[in-house]
Amino acid sequence: MKPQIAELLSAAVTALKSQGALPADLEPRIQIENTRDKAHGDLATNLAMMLAKPAGKNPRELAQALVDALPVNNLVAKVEIAGPGFINFYLSDASTASLVKAVLEQKDTYGRNNDGAGRKVQVEFVSANPTGPLHIGHGRGAAVGDCICRLLEATGWEVTREFYYNDAGAQINNLALSVQARCKGLTPDDAGWPEDGYRGDYIVDLATSYMNGDTVESADQSYTGAKDADDLDAIRHFAVAYLRREQDLDLKAFAVDFDVYFLESSLYSDGKVEDAVQRLIANGYTYEDGGALWLRTTDFGDDKDRVMRKTDGGYTYFVPDVAYHLDKWNRGFTRVVNEQGADHHSTITRVRAGLQALNTGIPQGWPDYVLHQMVTVMRSGEEVKISKRAGSYVTLRDLIDEVGRDATRYFLAARKADSQLTFDIDLARSQSSDNPVYYIQYAHARVCSIFRKLAEAGQSWNVEAGLASLSALELESEKELIVKLGRFPEVVKNAANNNEPHMVATYLRELAGDFHAWYNSEKTLVEDEALRNGRLALAEAVRQVISNGLNLLGVSSPEEM
């Protein structure tokens, strides 16, 4: 409803310009907000206060002029001026009825828009090194990243989901040495165990599979075990493929898929790292000092310059990141979102500085970053730290097995990514109003039960009958519920624009609360046919919006609970 009110105000501004009451060159940005207190209406704007100074008028007088210039319409029942010049709008029954009509007619598409207009966007998330099972931090990244993708698709973007992983380096070498030690019969308690070796039970399974000569296939590679405990290179390749498959299975259990798997090693084998370095040198943003090659990141806002190439000839970790993001840009992704752990915060400035120094037209502040904070897992009031499968941390699969996919996804996406999260296993398993995902899903199931009871009573309902009876909804709680439904498209739009899926989770919790309160206080299947049809229409609209919202979070909408 906000766009329609904004259009009315825009018409009023145009009318005042033509009368000479406002400057002709004035192009205000009209903002409509939800009121905190329904006694002050449904929607409000501070437009008069924004225009008062350039117009040289008293805000309240200008507010009255804007109200007087509003076009005749059936959306607004009453308009009031409050305080220093706020304009408060009370929506009419016709406008609230139109909201229910929009939900029931648009169904699964309600809340969606075409802001992206088919433009390409790439979302990189999870991007876990293939050294072990996905931990709960990866799970939070998977939930938030996948929800961002769903939101962007819902707002008209062409989304590419990408997984970037390091298939070389010290961690992979430690993995190979750990598997080799297991292949030779060593345990973490033996003297010959690698100093930085991995200790989880999955290393035993991996070594057994390698020595059996198994063939493992992941989404992006396949490899057969050589059964040779002395061939470290073969062990390394097999271990990466094996753990990539394990991670694929974890992600499949979490309903997360990727379009592209990008190997860090390809940046070197394809010459992309060296090409990026030579371009930075040619552009004059580098210098030699102490046997190392430095990048003048201070030219782009960093607090100090950064080493690119170390004295031993190897590149520091941010250099391949620069090359990787140049590759993203060259693939046509003018919008890129990186969902990563908060430990990546220190790389943002230097990666963006390196991209600016390339002088390829990449805009400042590109790409977008969404950084998630740590997750603490609790059970029975105590922190859970260790998984037998991983050896030292709680895995994503542990949580899915404990509480199910729906609760895991919801809990990991329901708070703003940059806030620390406590995952309470007991709460996630509870069937009570304290458990937000249960509370929301129960609202959906409750509506479905209403229609089952209707059928059992031998009665019928259809959308046309419901829409024709909306005027029978006279309670303030019903009007507030309808207005809440009308907010859903705005929530989706803002969540997508800001890469903040928790906004959808918060909205659904509020909507479910309003619905449960109404359901508990008002009978739906009443004798009065008009009132019954109107309430059924409202209940079905609530069910539809909850279903649409849960889908954006990757959570199911059960019909029975």
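Where is the place of V126? V126 sits in the loop between strand 5 and helix 5 (136–154), and one of the views below returns to this residue. Welcome to a short tour of a predicted model, in which local features need pLDDT of at least 70, side-chain atom pairs count only at pLDDT 80 or more, and totals for chains, interfaces and linings use all residues. Residues are numbered from 1 along each chain as its sequence is written, and side-chain values use heavy atoms, with hydrogens and water left out.

**View 1. The protein chain as a whole.**
Let us begin with the overall picture: 21 helices and 17 strands make up the count for the protein chain. Helices (H or I, at least four residues) and strands (E, at least two) are DSSP runs, numbered from the N terminus. The C-alpha trace spans about 85 × 65 × 40 Å along its principal axes. Of the 561 residues, 52% count as buried; here buried means under 20% relative accessible area, exposed over 50%, and partly exposed in between (1.4 Å probe, protein chains only). Among contacts with a separation of 6 or more, 70% come from residues 24 or more positions apart, where contact means heavy atoms within 4.5 Å.

K107 lies in the loop between helix 4 (93–106) and strand 5 (120–124). Its phi is near 50°, a positive value in a residue other than glycine. With 47% relative accessibility, K107 counts as partly exposed. V126 also has a positive phi in a residue other than glycine, near 65°. Is V126 buried or exposed? At 11% relative accessibility, V126 counts as buried.

**View 2. Q180 in helix 6.**
Look for Q180 within helix 6, which covers residues 170–183. Its relative accessibility is 13%, so Q180 counts as buried. Which residues is Q180 in contact with, leaving aside its neighbours within four places in sequence? They are A229, D230, L232 and I235.

**View 3. Helix 10 and its buried face.**
Helix 10 runs over residues 272–282, and its buried residues are V273, A276, V277 and L280. Seen down the axis of helix 10, these residues fall within an arc of 100°, so they line one face of the helix. The arc is that of the directions from the helix axis to the C-beta atoms. On the face turned away from the buried side of helix 10, you will find the exposed residues D275 and A282. The cover over the buried residues includes helix 9 (264–269), strand 10 (286–289), strand 11 (292–295) and strand 12 (306–309), as well as helix 11 (318–330) and helix 12 (345–357). Just after helix 10, G284 takes a positive phi of about 80°.

**View 4. The hairpin of strands 10 and 11.**
Strand 10 and strand 11 run antiparallel and are joined by 4 bridges; two strands pair if DSSP finds at least two bridges between them. The two form a hairpin with 2 residues between them, and G290 in the turn has a positive phi of about 65°. Across the pairing, D289 stands opposite A292 in strand 11.

**View 5. K310 in its loop.**
K310 is found in the loop between strand 12 and helix 11. With a relative accessible area of 37%, K310 is partly exposed. K310 and W294 are 16 residues apart in sequence and 8.8 Å apart in space, C-alpha to C-alpha. Leaving aside neighbours within four places in sequence, K310 is in contact with G291, Y315 and T316.

Strand 13 (residues 335–341) and strand 14 pair in the parallel sense over 5 bridges, with H372 in strand 14 as the bridge partner of G341. Why is strand 14 largely enclosed by the rest of the structure? The reason is that 4 of its 5 residues (368–372) are buried. The peptide bond from W366 to P367 is cis, with omega near 0°, and P367 belongs to the loop between helix 12 and strand 14.

Strand 15 (residues 375–379) pairs with strand 17 in the parallel sense over 4 bridges. M378 stands opposite D424 in strand 17.
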